[in-house]
Amino acid sequence: MRPARLAALLAAGLLAAAPEARAGRPTETLPAETFLVDVAYLHSFLKNAYGDAGERTQLLDKLYRYEPGGGLQGIIIPDAEVTYQILLAKLQYGVLDCLSVGLGVPVVLRTTVEPRLSWVPGDYMWWLGRAYTEADFWEWAQSMGQPRPGTWVGNRGVLADLVLGLRWRFSDHLPALGAEGVGLALMLQGALPTGQKKDPEEIVSTGTTSWDLHFQGELGLHLAADWRPPALDGRLTVGLDLFYEALFEHTYDAPTGRKHPLILDLAPYVGRTYRLDPGDFLGFQLTAEVVAWRGPVLETWLSERVEDPDGLPPLLSLTVGYAFTWLFQSDWESESELWDWTQEKLWRPGYKNRLTAELVLSLLRLGVPVQLTASYANLSWIPGRNSRATDTVSVGLRGPFKLF
Amino acid sequence: MSQLCAPLAPRIARLLVGLLVGLTACLAGCQAASEPSHVTRLELAGTPYERGFQHGQAVSSKLRSLYTQLLATSILPYLNRERPGIADFLLEYQDARYDDGQFSYLIFLESAQSLERTIPAEYLEELRGVADGAGVPYEQVLVLNTFMDTLVAFRAMTYFLRDQASPRLTRVSFEGAEADGADNDGDGEVDEPGESAMEFEPAPYVARVEIPTDARIRMCLEDKDGVDPRQVRLQTPEAAYVPGDPGVGLGTCGQDGAGLEITLRPPGGFPAASYTSLIVSAGDATLIAEPPPAKANMAREVRFGFTTRGFGKAPWEVPERSFDDGRSQPGPFGVAVRGAASADGTPLLAHHFSMLDSNTAHKHTAVLLHRPEGGLAHATLGWTGCIFGFSGMNEAGLAYAANPCDCLDNPLTAELREHLILAKLLSSGVPMGLLGREVLTRCTTVAEALERLRGAAYTFGWCFLLADAGGDIALVEADSDILGDGTGFRVLRPESEDPADLDPQGRRLGGEGPDDLRLNVHFRLNPEDLDLRLLNWHLRPQRYWTNYYFRSVRSHHLLGEAVRARLGALDAAAAEELLRLPELVDSRDSMNASIMEPSRGLLRYALGRVPATDAPFLTLDLRAPAGEAFP
């Protein structure tokens with residue numbers, strides 16, 4: 001295996017990945033007939049969203065509760081916190097030197113949703129002799145069959161949407177670009193609907209579909225370019241990825257109030273099912289990969305098998321990135337135009353600003369064909385609009401192999 | 001292998017550029033979702049069934065969401081909680097068929113089926129049309145169209161029962177007034193025995209004036225279970241007080257000293273030469289655990305006012321305006337003017353209706369313009385799937401606007417009186433909103449409407465205004481007249497000089513002059529609406545038990561001031577301003593607002609928001625050709 005190809009192989013982490021926690025180089029493909037296995041653990045935190053004016057707000061709408069004809073009981077403020085733990089396994093294969101395909105298998109290990117409800121008292125109720133306290137309200141609600149929503153834990157070992165991907169680096173056939181250190185690639189990825197929809201009867205649950213995870217679309221088209229300035233001896237690579245990702249319309253069951261009769265009985269007017277056509281994504285990502293420490297090459301079985309051992313991947317490299325994503329309006333369609341609006345107003349057109357960093361510790365120079373990765377993606381530092389501020393950390397390892 | 005890729009590259013690049021350009025263009029054109037209108041405007045023509053069908057078909061989803069959100073997930077579970085208490089004394093409700101959360105639904109359904117027997121056939125046909133058009137069970141549509149009448153009567157019963165079990169303010173005295181050298185009760189005598197004390201009586205004017213600023217007010221609260229001092233709260237315009245605060249004292253009073261006397265002398269005294277007012281809240285010593293949350297038997301908040309030395313007016317000259325306590329909402333209100341009271345002499349009826357929004361009703365409002373076969377075209381303001389309205393006008397210019405006036409002279413009391421513990425809480429009669437439809441369909445003048453409405457079977461206490469294109473206006477106070485003593489239908493015309501239409505001081509009960517009438521939710525013509533002893537209960541007139549009484553009196557006086565300031569200048573614009581006055585508007589349960597100009601056939605309406613007057617007023621021209629009435 002030539003060292004340049006090996007290095008390329010090990011940097012090809014973007015293919016068929018959940019891009020949320022990954023930066024890396026956008027045009028890399030695998031050498032022909034080579035496999036790459038990549039396994040990562042992702043821990044995703046979600047506490048806030050950005051509203052229509054870009055203000056930081058809660059994930060869920062405030063609930064105004066009224067005593068029938070008696071004024072405002074109070075306001076329930078759900079300061080929900082969602083945690084996803086995901087195991088992401090990827091298998092990629094180089095069909096041609098310029099064409100790789102891959103399969104991503106995301107498995108949600110566990111999802112936790114803490115509603116963290118707080119209470120703002122409403123009007124004074126003369127018959128009660130006070131305004132409703134939070135305890136008063138939930139006693140009242142319980143007496144009508146409405147339990148207080150507690151922490152929800154679910155999606156234990158549940159498959160998310162499988163991802164298939166294909167990347168074609170067409171700049172291989174434009175020699176003038178190659179001489180200048182420029183790469184261009186086209187990537188197509190699609191999701192198979194293997195994820196699980198949220199339980200409609202649960203007020204704070206989530207599912208494992210692409211829509212629930214909101215990391216990527218169900219069909220994505222990427223045009224990527226990167227440039228490695230020849231004068232810097234490969235110490236810097238800058239990349240640009242333009243993308244459009246579509247989410248398809250799906251049908252969901254409407255809640256019937258079986259578990260939450262007061263606040264989740266929608267089927268009588270929404271209809272037995274409703275359709276959701278989520279807003280697509282359009283955006284770009286800028287990346288810069290820097291060799292932090294090239295490191296020594298030890299005399300090992302691996303160094304003996306490559307033509308240029310010094311060309312093995314550096315011991316430590318860092319990739320940082322920034323992505324801007326336009327979010328299109330999501331469209332709900334049910335029998336109730338009013339209810340559709342209550343959903344659609346939470347998913348109006350907006351954008352998100354994502355910062356990413358990935359640190360790669362490559363052990364190839366030391367004779368071990370493995371790379372360890374640690375990544376961080378942040379959506380909460382730079383405000384967005386009508387988007388959710390998910391932060392994700394991940395750790396993983398990857399290694400190449402050939403069957404023949 | 002790489003050569004395989006080469007021929008495709010330029011084409012893919014071109015495709016991609018094209019795609020991105022297209023997407024960018026799409027992005028620029030993609031619009032954010034917009035909030036749908038909360039107001040449905042429908043022009044309905046044909047037979048009653050056909051009009052109902054058109055209505056139901058147009059609002060199917062909104063009818064179902066109104067029913068679900070307002071009834072199924074709000075009022076019904078809320079009232080289900082009352083079952084144990086009611087089943088304790090009305091044995092019928094111990095039956096198993098009221099189990100499993102069916103109690104409140106069956107209360108409404110059984111009342112609806114009782115009302116169905118007296119609702120004119122054409123409206124039942126219309127209801128069937130609504131049900132068929134919307135694809136919902138007729139039973140649900142019937143309940144949706146009758147529950148308000150049942151609910152107000154049910155609510156009155158619960159207010160009354162609370163009143164029976166909670167502390168009462170029985171006596172008030174002003175320590176220091178008995179020897180202050182002033183005529184405190186307006187009887188022409190000074191410091192006569194008893195002048196400083198009074199049995200508490202809810203009233204629209206104050207009972208004591210010229211009180212020394214340093215007087216101590218003594219209030220006696222009595223309850224068979226004892227009054228809990230921890231539940232007592234006093235509020236003046238300046239501050240709120242509880243026992244233990246400076247200026248607040250506790251003692252005993254009443255029969256055998258079993259009552260709780262609470263005294264108040266605010267630090268620094270009361271403001272000089274001022275009208276001031278108190279709000280008294282009190283609860284008894286019991287703890288009611290069911291239905292939750294646990295609470296004492298709380299009395300309605302009672303209010304009384306007085307003036308301090310130097311104010312210079314007799315008691316009957318000082319209206320009980322009370323004050324804004326920061327939490328109570330005024331009730332619905334309306335005003336009718338004509339002649340010298342209106343800007344151009346033409347009649348005008350303005351109404352701001354409030355009752356029950358629950359963050360739901362305002363999203364389901366409807367303006368229905370009916371063009372019935374063999375009847376007058378007319379419009380009502382209401383809700384999707386509801387064929388009734390509490391205000392409306394017809395093409396001849398007859399306008400009406402109704403408010404519920406809490407009253408125990410209602411069918412539920414009649415049931416109780418007849419069957420005692422075997423009674424059921426059944427409403428009967430014709431729902432007010434349908435009586436409104438009836439006069440709009442058949443009558444062209446106030447006189448005709450009164451003729452039709454007199455003797456009608458009322459479901460509750462209702463106060464309403466009528467106006468016509470000829471300038472006739474009238475205020476009506478009606479109830480079910482369960483004793484059959486002929487007191488259930490009182491009419492007041494503004495020009496009336498009949499002593500029954502004047503207060504003891506000779507002032508008009510209806511308004512400011514001969515050309516205006518005001519509408520609130522307390523009786524003025526029929527203040528002694530019912531006084532009846534039944535079992536161990538004493539059913540008394542509304543002023544003694546309804547929580548709305550003091551608020552309505554306050555609203556009545558404030559509205560009077562607002563009208564007085566606009567007399568002779570009241571046109572549609574001034575009426576809009578009046579309907580929007582914050583001190584008059586129920587900011588929680590406002591439902592719709594209307595300004596009707598009978599002589600022009602114009603109905604201006606604002607709805608779809610809370611308060612309704614936050615929405616712009618739009619105009620419906622009842623005399624416009626079919627299809628052109630809505631703007």
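How many residues of chain A are in contact with chain B, and how many residues of chain B take part? In this predicted model, 51 residues of chain A are in contact with 52 residues of chain B. On the side of chain A that touches chain B, two or more residues each are given by strands S3 (63-67), S4 (71-78) and S15 (236-246) and by helices H2 (134-143), H5 (267-270) and H7 (337-344) of chain A. Of these elements, H7(A) provides the largest share, which amounts to five residues. Divided by class, the residues on this side of chain A comprise 32 nonpolar, eight polar and eleven charged.

Within chain B, the axis of helix H2 (residues 48-58) comes within 6 Å of the axis of helix H6 (residues 121-134), and the two axes cross at roughly 35°; the crossing of H2(B) and H6(B) is right-handed. The residues that H2(B) brings to this contact include Pro48(B), Tyr49(B), Arg51(B), Phe53(B) and His55(B), while those from H6(B) include Tyr123(B), Glu126(B), Leu127(B), Arg128(B), Val130(B) and Asp132(B). Taken by class, the contact of H2(B) with H6(B) has eight nonpolar residues, together with seven polar and seven charged ones.

As for the domain organisation of chain B, the domain assignment gives domain 1, covering residues 46-164, and domain 2, covering residues 167-299. The centres of domain 1 and domain 2 of chain B, taken over C-alpha atoms, are separated by 41 Å.

Methods. Residues are numbered from 1 along each chain as its sequence is written. Chains are lettered from A and ligands numbered from 1 in the order in which they are written. This is a predicted model: local features need pLDDT of at least 70, side-chain atom pairs count only at pLDDT 80 or more; totals for chains, interfaces and linings use all residues. Two residues are in contact if their C-beta atoms, placed from the backbone, lie within 7 Å. Helices (H or I, at least four residues) and strands (E, at least two) are DSSP runs, numbered from the N terminus. Ala, Val, Leu, Ile, Met, Phe, Trp, Tyr, Cys and Pro count as nonpolar, Asp, Glu, Lys and Arg as charged, and the others, Gly among them, as polar. Axes are lines fitted to C-alpha atoms, for helices over the stretch in contact, and angles run from 0 to 180 degrees between N-to-C directions. A crossing is left-handed if the near helix is turned anticlockwise from the far one by less than a right angle, and right-handed if clockwise. Domain bounds come from an automatic or database domain assignment.
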